[in-house]
Amino acid sequence: MIPHLDLKLVNEPYLEELQAAAARVIASGRYIGGGEVERLENAVALRCGVPHAVGVANGLDALRLILMAYKVMGMLADGDEVIVPANTYIASFLAVSQAGLVPVAVDPDPVTMNLTASGVRDALTERTKGVMPVHLYGRVAWSDELARVATDHRLLVVEDCAQALGARSGVAGLFDSRMAGGLGHAAGISFYPTKNLGALGDGGMVLTHDAELARTVRALANYGSTERYHNQYIGLNSRLDPIQAAMLMVKINHLDEVNRRRAEIARKYSSGVVNPLIELPLMPAGDGLECVWHQYVVRVPEHRDRMKLYLDARGVGTDVHYPCPPHLQPCYRELKHSPLPVAERLAGEVLSLPIGQYLSDEDVDTIVNLLDNFR
Ligand SMILES: *Cc1c(COP(=O)(O)O)cnc(C)c1O
């Protein structure tokens, strides 16, 4: 039996280190904020080439706090539009809506499955104030053209980096970083347990090149308070727990090797599978760092659901990211959008294969053989 993802196996190699780190936090008496959180903020900021990082409760909060902060800073206003890829996880949309802004869904490129510059350009209106590139499945959504359209139209670029920590763009970002999370003005990260860098519970982080944005996010996440018992904004409570920061500090030291092993598994799939019913994901050029393979997603036109059942019956778990795009969810039935044929087609064709770093070469061979014998 090979499940789609086994979180126990993900964390098993670090068991003793994690236990020691948890014991340290328990003994410290400091259960909110403090050095554990600061250390992780510094480590993630350094890794992504950004000057500021703020630990928050989860990835959705990270994104929505960025947008809320831009509002209190006067850079966004109620009803402003933020362009989002139509095939993303719904959290990208929710962050925009919850900040009182309007998500504008744009069809992705069918090959990279990411937002494109021309898609963004076609969706621009006089209310467009931001764009949220989502590095879906761990693949960097960035290009010179995307940077140009954002700069030309003075768009705030908020990366949804929930799936791509450790990935690196082939071309320059807006500032001096090429790392996912450092490409735009700000980025939201998720440490949800299934992500490549996952906590043992919820967690998230805001990254930014802008000191004022970082300060404002920190205040908004702390009841809108800039100093104790002085509340500047109508904020919320959104914090990264020290115990999760300590877990993540153990695991961040292994992130590169995790990402490398996932890339190795991806290459094994891509060189092994020859079944013409299955369309393989694009392999990144160059050093391969443009994708950290949060998911290895194949497309199976016509036969996706049948193939999922076939693999299930043979002990291989798969998942679908995502079966229904946000604009077709009941909560967005009022959302106006242009036709989104690519996102709607992808929802019926995508299938995520197991890609956990703990998979053995034999596991991968087993899955490749099953895929090639599917008729
Ligand atoms: C996981 C994820 C989020 C949300 O992160 P949470 O920590 O679960 O709130 C947002 N966007 C994308 C693309 C994600 O994959």
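Predicted model: local features only at pLDDT ≥ 70, side-chain atom pairs only at ≥ 80, totals over all residues.
Residues are numbered from 1 along each chain as its sequence is written. Local features need pLDDT of at least 70 and side-chain atom pairs count only at pLDDT 80 or more, while totals for chains, interfaces and linings use all residues, and side-chain values use heavy atoms, with hydrogens and water left out.

**Exercise 1**

Find which residues are around the ligand, and work out how much of the ligand the protein buries.

*Solution*

Step 1. Let's list the shell: N58, G59, L60, Y89, A91, V134, D160, A162, Q163, S190, Y192 and K195 are around the ligand (a residue is near a molecule if one of its heavy atoms lies within 4 Å of it).

Step 2. Now look for oxygen atoms of the ligand. One is 2.6 Å from an N or O atom in the side chain of S190. A polar side-chain atom of K195 lies 2.7 Å from a ligand oxygen, and for L60 a backbone N or O atom lies 2.9 Å from one.

Step 3. On its own the ligand exposes 380 Å², of which the protein buries 92% (areas by the Shrake-Rupley method with a 1.4 Å probe).

**Exercise 2**

Decide where T128 sits, and whether T128 is buried or exposed.

*Solution*

Step 1. T128 is buried, because its relative accessibility is 6% (buried means under 20% relative accessible area, exposed over 50%, partly exposed in between, with a 1.4 Å probe and protein chains only).

Step 2. Finally, a polar side-chain atom of T128 lies 2.7 Å from the backbone nitrogen of T125.

Technical notes. Polar contact = N/O pair within 3.5 Å; in protein donor to acceptor, adjacent residues only side chain to side chain.
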